[in-house]
Amino acid sequence: MAYEPNEVLDCSGMSCPMPILKTKKAVDKLEPGQILKMIATDPGSKPDMEAWSKKTGHKLLEYQQDGDKHIFFIEKV
Amino acid sequence: MPKTGSKRGEIMAEKLVILVTHGPEDPEMATIPFVMATAAQASSVEVVMAFQSDGVWLMMKEMVGRVHTADFPPIQELLSAYMEEGGKLYICGPCVKSRKIALEDLVEGSLIVSAATLIGEITSATSTLVY
């Protein structure tokens, strides 16, 4: 399913924990129901984002991998 | 996520205490506590960092910008993020005194504390990590 993000955050090249920190700040600025597209190249970002969304309650709508890029669609609850 | 306290039914926030005992002599062990602290904050966990033994060197203004280990963000960047999210920095008073570190050389926002303060934080925390 294709999601239309309200914001896009590119965390390519950032190492742990910066993608999570940047994602948290970006999601904080969204309204409930809005969607953030986050791109990361950190190989640990997939389990990190799954754990983060479980912990915070924000919905991880979709995950895609494109080469070394990990792409996440997150809905603010 | 908040959870319900078992004794009185009150809502308790999660709190993590991180004890840091390594300094610039081991940049990786000095950096990882800041990684864990900021990741916890991003997950809505309250964090208290406490610096003991050689860990107190990290709280010197001139030192904090110098410690960097491969494949991690610099401590200075992590510290700034930590403070932006309201993190607390507690420093062992006797550890500072024995190393002859002047109080005015410590990073802004840090607080000299005694063991009783740390025990209070640890016993009221939901988890404690020691590095």
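Biologist: What makes up the 2 helices and 4 strands of chain A?

Modeller: Helices are DSSP runs of H or I with at least four residues, and strands are runs of E with at least two, numbered from the N terminus. Chain A has 2 helices and 4 strands, in the order β-α-β-α-β-β from the N terminus on. This is a predicted model, in which local features need pLDDT of at least 70, side-chain atom pairs count only at pLDDT 80 or more, and totals for chains, interfaces and linings use all residues. Residues are numbered from 1 along each chain as its sequence is written, chains are lettered from A in the order in which they are written, and side-chain values use heavy atoms, without hydrogens and water.

Biologist: Why does the radius of gyration of chain A agree with a compact globule?

Modeller: The rule, over C-alpha atoms, is 2.2 Å times the number of residues to the power 0.38. For 77 residues it gives a value near 11 Å, and chain A has 11 Å, so the two agree.

Biologist: Why is B:S44 called exposed?

Modeller: Exposed means over 50% relative accessible area, buried under 20%, and partly exposed in between (1.4 Å probe, protein chains only). B:S44 has 52% and is therefore exposed. B:S44 is in the loop between helix 1 (27-42) and strand 4 (46-51) of chain B, and its phi is near 65°.

Biologist: What makes B:D71 exposed?

Modeller: Its relative accessible area is 70%, so B:D71 counts as exposed. B:D71 also has a positive phi of about 70° although it is not a glycine. Most residues other than glycine have a negative phi.
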